[in-house]
Amino acid sequence: MNKVALFPGSFDPITKGHESIILRAIPLFDRIIVAIGVNVEKNYFFPLEKRMNWIRKVFKEYPSIEVITYEGLTVDLCKSLDVRYILRGLRTSADFEFERSIGQMNKMMLPGLETVFLLTTPEHTALNSSIVRDIIRNGGDASQFVPDQVDLI
Ligand code: ADP
């Protein structure tokens, strides 16, 4: 069976935490679609094109990984692509509470869908895109928190 997972997020920007989850999921799925969600009401820090190109660059050696953008509900995208697995990372108990609601509601909307969680590795638990953005906004150096291929300047 062809197992395809969708890894949805804003990736504003992609961090070493995202990279680690995706790399660890490679042996679990035949294909992983990294899906950048576009919410018209949200202001993003980095342009969509840039976020997408960074992810492409990070995973260019991995043919099973592709990058797309989408608008609307993640379950609708799963339905249209016939994807049955959503991949998410779990950092903290707060992540768990949030993800449980979304995962359970997604499953109510699309019963064949399963959300697969990977626990964050300890060194990536504190990492999140919003702190990376704050560092950059305030002129700091956030390069240690993003994959080597991501050129934040
Ligand atoms: P969102 O816009 O939904 O917050 P993100 O781009 O922040 O999406 O994250 C997408 C996915 O990546 C989520 O499952 C999130 O838990 C996971 N993730 C984010 N940061 C990390 C990290 N440091 N370690 C592991 N997983 C992470």
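**Contacts, strands and a pocket**

Reply: Start with Ile21. Setting aside neighbours within four places in sequence, Ile21 is in contact (heavy atoms within 4.5 Å) with Phe7, Leu87, Gly89, Leu118, Leu119 and Thr120. This is a predicted model, where local features need pLDDT of at least 70, side-chain atom pairs count only at pLDDT 80 or more, and totals for chains, interfaces and linings use all residues. Residues are numbered from 1 along each chain as its sequence is written, and side-chain values use heavy atoms, with hydrogens and water left out.

Me: Where does Ile21 lie, and is Ile21 buried or exposed?

Reply: Ile21 lies in helix H1. Helices (H or I, at least four residues) and strands (E, at least two) are DSSP runs, numbered from the N terminus. Buried means under 20% relative accessible area, exposed over 50%, and partly exposed in between (1.4 Å probe, protein chains only). Ile21 has 4% relative accessibility, so Ile21 counts as buried.

Me: What separates the C-alpha atoms of Ile21 and His124?

Reply: Along the chain, Ile21 and His124 are 103 residues apart.

Me: Why is S1 largely enclosed by the rest of the structure?

Reply: Look at the six residues of S1. S1 is largely enclosed because the number of them that are buried is five.

Me: How many bridges join S1 to strand S2?

Reply: Two strands pair if DSSP finds at least two bridges between them. S2 covers residues 31–37, and S1 and S2 run parallel. The number of bridges joining S1 to S2 is six.

Me: Which residue in S4 stands opposite Leu6?

Reply: S1 and S4 run parallel, joined by two bridges. The residue in S4 opposite Leu6 is Ile86.

Me: What unit do S1, H1 and S2 make?

Reply: A crossover is right-handed if, with the strands pointing away from the viewer, the path from the first strand over the helix to the second runs clockwise. S1, H1 and S2 make a right-handed β-α-β unit.

Me: Which element gives the most to the lining of the largest pocket?

Reply: A pocket is an open set of points on a 1 Å grid over the protein atoms alone, where a 1.4 Å probe fits, with protein on both sides within 12 Å along at least five of seven lines; lining residues have an atom within 4 Å of a point. The largest pocket is lined by 45 residues, with Pro8, Gly9, Ser10, Arg88 and Phe98 nearest its centre. Elements giving two or more residues include strand S1 (4–9), helix H1 (16–25) and helix H4 (93–109). With seven residues, the top contributor is H4.

Me: Is Ser129 buried or exposed?

Reply: Ser129 is found in helix H5. Not counting residues up to four places away in sequence, Ser129 touches Asp12, Pro13, Thr15 and His18. At 12% relative accessibility, Ser129 counts as buried.

Me: Is Asp82 buried or exposed?

Reply: Asp82 is found in the loop between H3 and S4. With a relative accessible area of 57%, Asp82 is exposed.

Me: What separates the C-alpha atoms of Asn138 and Lys60?

Reply: Asn138 sits in the segment after H5. At 68% relative accessibility, Asn138 counts as exposed. Asn138 and Lys60 are 78 residues apart along the chain, and their C-alpha atoms are separated by 31 Å.
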